[in-house]
There are 2 protein chains.
Amino acid sequence: MSKKLSDKELLQKAIGKHIKALREKQNIPQQALASLCDFEKSNLSRLEAGNTNPTIYTLKKIADNLNISLKELMDFDV
Amino acid sequence: MSKKLSDKELLQKAIGKHIKALREKQNIPQQALASLCDFEKSNLSRLEAGNTNPTIYTLKKIADNLNISLKELMDFDV
DNA sequence: TAACTATTTATCATATAAGATAACCACAAA
DNA sequence: TTTGTGGTTATCTTATATGATAAATAGTTA
C-alpha cells in the first residue's frame with residue numbers, strides 16, 4: 001500500500017531532489033550550504049527530502065549560495 | 001524619508017511585477033487567473049503587489065495556468 | 001573500539017503564507 | 001444616476017514554512 005502523492009508533494013520532492021543534486025555536484029555538504037544560507041542543516045535536509053513547500057526567498061538564498069540563478073534552480077521536471 | 005526595502009521585499013516586488021506583466025500580456029484579469037488557480041482575487045493582488053513571499057506550489061499553480069514553465073516564471077531580475 | 005563527518009528525523013515555538021470575506025476606488029457603459 | 005468590471009486594501013483565521021535544538025543513524029578513519 002504505497003500512498004499516492006499529491007501534486008504539491010510531488011513538486012516538493014522534485015525540487016528537493018534537484019537542489020540536492022546541484023549541491024552534490026559542487027561537493028558542498030548540507031552543513032556548509034545551510035550555514036551560508038543562514039539556516040540549520042536539519043532544515044536543509046527537510047527541504048531536500050521534499051518535506052516542505054519552500055518560499056521563493058528560501059529558494060533565492062539557496063540559488064545565490066550555489067552561485068546559480070533562480071531560473072536554473074527551477075530547471076527540473078515535476 | 002522613503003523606507004529602504006530588504007532583499008526579501010525587493011524579491012517579492014520583482015516577482016510580483018513579473019507575474020503581473022505575464023498575466024497582462026495574455027490579457028487575463030486577476031479575477032480569472034485567481035479562480036483558475038483556486039484562490040481569491042484579493043490574494044493574487046497581494047502577491048502581484050509584492051506583499052507576500054510565495055511558496056513554490058503557489059508559483060507552480062500560477063505558471064501552469066499561464067501555460068508557462070516554472071523556469072519562465074522565474075526569469076526576472078531581482 | 002572510539003572519534004569524526006554527513007545526514008536524517010523528531011519536536012517545539014514563532015512568524016507568516018494562504019484562504020476567505022468585505023469594503024473600497026476607478027472607470028466604463030447603460 | 002446605477003450597474004458592471006478590474007483591481008486594491010484591510011482584516012481575520014488557519015495552515016504551515018521557518019528557526020532552533022536534540023538525538024539518532026551511517027560511514028569513515030584512527
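Student: Into how many nonpolar, polar and charged residues does the surface near DNA strand C divide?

Tutor: This is a predicted model, in which local features need pLDDT of at least 70, side-chain atom pairs count only at pLDDT 80 or more, and totals for chains, interfaces and linings use all residues. Residues are numbered from 1 along each chain as its sequence is written, while chains are lettered from A and ligands numbered from 1 in the order in which they are written. Ala, Val, Leu, Ile, Met, Phe, Trp, Tyr, Cys and Pro count as nonpolar, Asp, Glu, Lys and Arg as charged, and the others, Gly among them, as polar. On that basis the surface near DNA strand C has four nonpolar, eleven polar and four charged residues.

Student: Which element gives the most to the surface near DNA strand C?

Tutor: A residue is near a strand or molecule if its C-beta atom, placed from the backbone, lies within 6 Å of it, and 19 residues surround DNA strand C. Two or more residues each come from α2 (30-37) and α3 (41-48) of chain A and from α3 (41-48) of chain B; helices (H or I, at least four residues) and strands (E, at least two) are DSSP runs numbered from the N terminus. The element that gives the most, with five residues, is α3(A).

Student: Which element gives the most to the surface near DNA strand D?

Tutor: Among the 19 residues around DNA strand D, those that come nearest include N53(A), T58(A) and P29(B). Two or more residues are given by α3 of chain A and by α2 (30-37) and α3 of chain B. With five residues, the most comes from α3(B).

Student: Which element supplies the largest share of the side of chain B that touches chain A?

Tutor: The contact (C-beta atoms, placed from the backbone, within 7 Å) takes 14 residues from chain B and 14 residues from chain A. In chain B, α1 (7-25), α4 (56-65) and α5 (70-73) each supply at least two. By class, this side has eight nonpolar, two polar and four charged residues. The largest share, four residues, comes from α4(B).

Note on methods:
Two residues are in contact if their C-beta atoms, placed from the backbone, lie within 7 Å.
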